[in-house]
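Please read the following report with the sequence and the model open beside it.

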2 protein chains.
Amino acid sequence: MPAVRLSPTSYVVLGMISLRGPSTPYDLKRAVGHSVGYFWHFPHAQLYSEPERLTAAGLLTCETETEGRRRKTYSITAAGTEALESWIAEPSDSHFQMRDPAELKLFFNEVGSPEDVTRLAKGQIERHEERIALYEGMVARFGPEPTDNPRLITLELGLEVEYATLRFWRALAAGDLAGLRRRRGEPA
Amino acid sequence: MPAVRLSPTSYVVLGMISLRGPSTPYDLKRAVGHSVGYFWHFPHAQLYSEPERLTAAGLLTCETETEGRRRKTYSITAAGTEALESWIAEPSDSHFQMRDPAELKLFFNEVGSPEDVTRLAKGQIERHEERIALYEGMVARFGPEPTDNPRLITLELGLEVEYATLRFWRALAAGDLAGLRRRRGEPA
DNA sequence: GCCGTACCGTCCGAGGAGGACGATTGCGGC
DNA sequence: GCCGCAATCGTCCTCCTCGGACGGTACGGC
């Protein structure tokens, strides 16, 4: 049972199995796809390899189907639950990372033309409007009151951020960043 | 001159050299540290390996110091500039990623205790307040008017996002997510 | 039964992360 | 000048992440 370094990915796997009960990698893939996946993307292949690592570390157990499709069902162990809980309890260390290609393009916009910036902004506005519609739909379906479903709380954070970036790109397209600053100063 | 896949990291290197002129990896490290680095982190080692790749692809040229400290100075080529410009001009494909460990913890908070959430929120509030102070300081120093310095425009986006997340964690700590939703609906 | 299609699992090569370590330089003390 | 120390700068190594390619499995239509 070698000690392994646990990454955020590890905790997503542990957390998902903890919330859902015993799961196969494919179960995880789908579950992640319409929840955590929206704000923390990772490729499906890791949902196959990561549980293996965690099993080796004693945080999961694995049961292999013998008949038909080879399939592995992972369950969380006491050690796994403990690891997850202590991660949740420990103070959060690092700041978030944005990783927005559009923001990069904007940063280097001096190189390009002003029309590039306008086009970029237009595209981003659409993109964020779509995302907001998606999130609002989820809220409407699963619980209009934020406290209805604890797992939906993070959606509120997602929405808050989406609206913020939308405001930014709209202000940029309208050439009114000063207005954006002014409105930020107002009481909320 | 083999064709290489260009990642966002590649464009950061190209963009930085394009803005600053010929640079050594260490120059880039420092330049990135107090600009792009705030919203797109990457380890310093890549600022040594990535220019090599780009040189192999013909997008940069490299001049090696012979005396004293081995040191390489990279300059952008015409092909490099072209690659950068066409990247800026092309429509932005993918949505941004948040990658916020705190958001993950919140998502899995059912596993933990309510005090964990409160503690998490308190920590995040501090963290984002610090970040906002840092950004506001930069704005005050380098250009109170958003349009003063084109490279500072992204700072406005950073601030907008920081304020949004700060509002969220404050609302969460105050147990008033409903209020957050209500205020989002108001005209801006 | 045969075939097409959606579903599911594994592999692999390239790139990213970030710490460890080694080399170089400048500076203060003598 | 010479030494030693600390800051600066460059490279390497190992593990992890990425994401597409590929191949196997189940199921419905005919």
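The surface near DNA strand C is made up of six nonpolar, seven polar and nine charged residues, where Ala, Val, Leu, Ile, Met, Phe, Trp, Tyr, Cys and Pro count as nonpolar, Asp, Glu, Lys and Arg as charged, and the others, Gly among them, as polar. This is a predicted model, in which local features need pLDDT of at least 70 and side-chain atom pairs count only at pLDDT 80 or more, while totals for chains, interfaces and linings use all residues; side-chain values use heavy atoms, with hydrogens and water left out. Residues are numbered from 1 along each chain as its sequence is written, and chains are lettered from A and ligands numbered from 1 in the order in which they are written.

**DNA strand C**

A residue is called near a strand if one of its heavy atoms lies within 4 Å of it. By this rule 22 residues lie around DNA strand C, and those that come nearest are A:Tyr26, B:Ser7, B:Gln46, B:Arg53 and B:Arg69. Of the atoms of DNA strand C that come within 4 Å of the protein, 79% belong to sugar and phosphate. Helix α3 (residues 46-56) of chain B provides the largest share of this surface, with three residues; helices here are DSSP runs of H or I with at least four residues, numbered from the N terminus.

**DNA strand D**

DNA strand D is surrounded by 21 residues, of which A:His41, A:Gln46, A:Arg53, A:Arg69 and B:Tyr26 are the closest. Sugar or phosphate supplies 73% of the atoms of DNA strand D within 4 Å of the protein, and the rest belong to bases. Here helix α3 (residues 46-56) of chain A gives the most to the surface, again with three residues, and the residues of that surface divide into six nonpolar, seven polar and eight charged.

| Residue | DNA strand | Distance to a phosphate oxygen |
|---|---|---|
| A:Ser7 | D | 2.9 Å |
| A:His41 | D | 2.8 Å |
| B:Arg99 | D | 3.1 Å |
| B:His41 | C | 2.9 Å |
| B:Arg53 | C | 2.3 Å |

Although B:Arg99 is not a glycine, its phi is positive, about 55°. Most residues other than glycine have a negative phi. B:Arg99 has a relative accessible area of 24% and is therefore partly exposed, a class that lies between buried (under 20%) and exposed (over 50%), calculated with a 1.4 Å probe on protein chains only. In chain A, A:Arg99 lies in the loop between α4 (78-89) and α5 (101-107), has a positive phi near 55°, and counts as partly exposed because its relative accessibility is 26%.

**Chain A beyond the DNA**

The domain assignment divides chain A into domain 1 (8-89) and domain 2 (101-178), with bounds that come from an automatic or database assignment. The C-alpha centres of these two domains of chain A lie 30 Å apart, and four residues of domain 1 are in contact with six residues of domain 2, contact meaning heavy atoms within 4.5 Å.

How many of the 21 residues of α7(A) are buried? The number is 17, so α7(A) is largely enclosed by the rest of the structure. After α7(A) comes A:Gly175, whose phi is positive, near 65°.

Technical notes. A polar contact is a pair of N or O atoms within 3.5 Å; within protein, one must be able to donate a hydrogen and the other to accept it, and residues adjacent in sequence count only if both atoms are side-chain atoms. Helices (H or I, at least four residues) and strands (E, at least two) are DSSP runs, numbered from the N terminus.
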